[in-house]
Amino acid sequence: MNTLRQFIKEHYNSNFRMAESLEVTPQTVGTWVTKNPRGALKYLPEITSNCQVTSQYFVNVVSCTEDELNNTE
């Protein structure tokens with residue numbers, strides 16, 4: 001399963017482009033990647049629509065990112 005970092009690279013190419021698409025700051029996207037992946041779930045409808053993925057798929061990406069972050073602490 002992909003992490004949020006991999007998902008962003010695959011679907012948006014960069015944190016900046018994801019931020020532009022969701023009308024948030026690049027810092028917000030960076031926080032999702034490094035500290036609080038669940039914050040991205042607020043934008044679940046936009047992300048799933050923009051990237052043509054299911055909600056369950058993106059929730060799994062967030063979960064995988066959380067697991068990775070918890071294993072590095």
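Arg38 counts as exposed, with a relative accessibility of 53%; the term exposed applies over 50% relative accessible area, buried under 20%, and partly exposed in between, with a 1.4 Å probe and protein chains only. The model is predicted, so local features need pLDDT of at least 70 and side-chain atom pairs count only at pLDDT 80 or more, while totals for chains, interfaces and linings use all residues. Residues are numbered from 1 along each chain as its sequence is written, and side-chain values use heavy atoms, with hydrogens and water left out.

Side chains of opposite charge can pair when their charged atoms come close. The structure holds one salt bridge, a term that requires a side-chain nitrogen of Lys or Arg within 4 Å of a carboxyl oxygen of Asp or Glu. It is formed by the side chains of Arg38 and Glu66, at 2.5 Å from N to O. Because Glu66 belongs to helix 5 and Arg38 to the loop between helix 3 and helix 4, this pair ties together parts that are 28 residues apart in sequence.

Aromatic pairs are defined by ring centres within 6.5 Å, using Phe, Tyr and the six-membered ring of Trp; planes under 30 degrees apart count as stacked, over 60 as edge-to-face and the rest as tilted. The count by this rule is three. Two of the pairs are set out here.

| Pair | Geometry | Centre to centre | Angle between planes |
|---|---|---|---|
| Phe7 and Phe58 | edge-to-face | 5.1 Å | 65° |
| Trp32 and Tyr43 | tilted | 5.6 Å | 45° |

Phe7 lies in helix 1 (residues 4-11) and Phe58 in helix 5 (residues 55-72), so their pair ties together parts that are 51 residues apart in sequence. Phe7 is buried at a relative accessible area of 0%, and Phe58 is likewise buried, at 0%. Ring pairs also bring in Tyr57, which is linked with Phe7 and Phe58 into a cluster.

For the other tabulated pair, Trp32 is located in helix 3 (residues 26-34) and Tyr43 in the loop between helix 3 and helix 4 (44-51), so the contact ties together parts that are eleven residues apart in sequence. Both Trp32 and Tyr43 are buried.

The number of disulfides is zero, where a disulfide means a pair of cysteine sulfur atoms within 2.5 Å. The sulfur of Cys51 has its closest cysteine sulfur in Cys64, 16 Å away, which is too far for a bond. Cys51 counts as buried at 10% relative accessibility, and Cys64 is buried with a relative accessible area of 19%.

The secondary structure of the chain consists of five helices and zero strands; helices (H or I, at least four residues) and strands (E, at least two) are DSSP runs numbered from the N terminus. The order along the sequence is α-α-α-α-α.

A compact globule of 73 residues would have a radius of gyration near 11 Å, and the chain agrees with its 11 Å; this radius is taken over C-alpha atoms, and the globule rule is 2.2 Å times the number of residues to the power 0.38. The C-alpha trace spans about 30 × 25 × 20 Å along its principal axes. Of the 73 residues, 40% count as buried. Among contacts (heavy atoms within 4.5 Å) between residues at least 6 apart in sequence, 59% join residues at least 24 apart.
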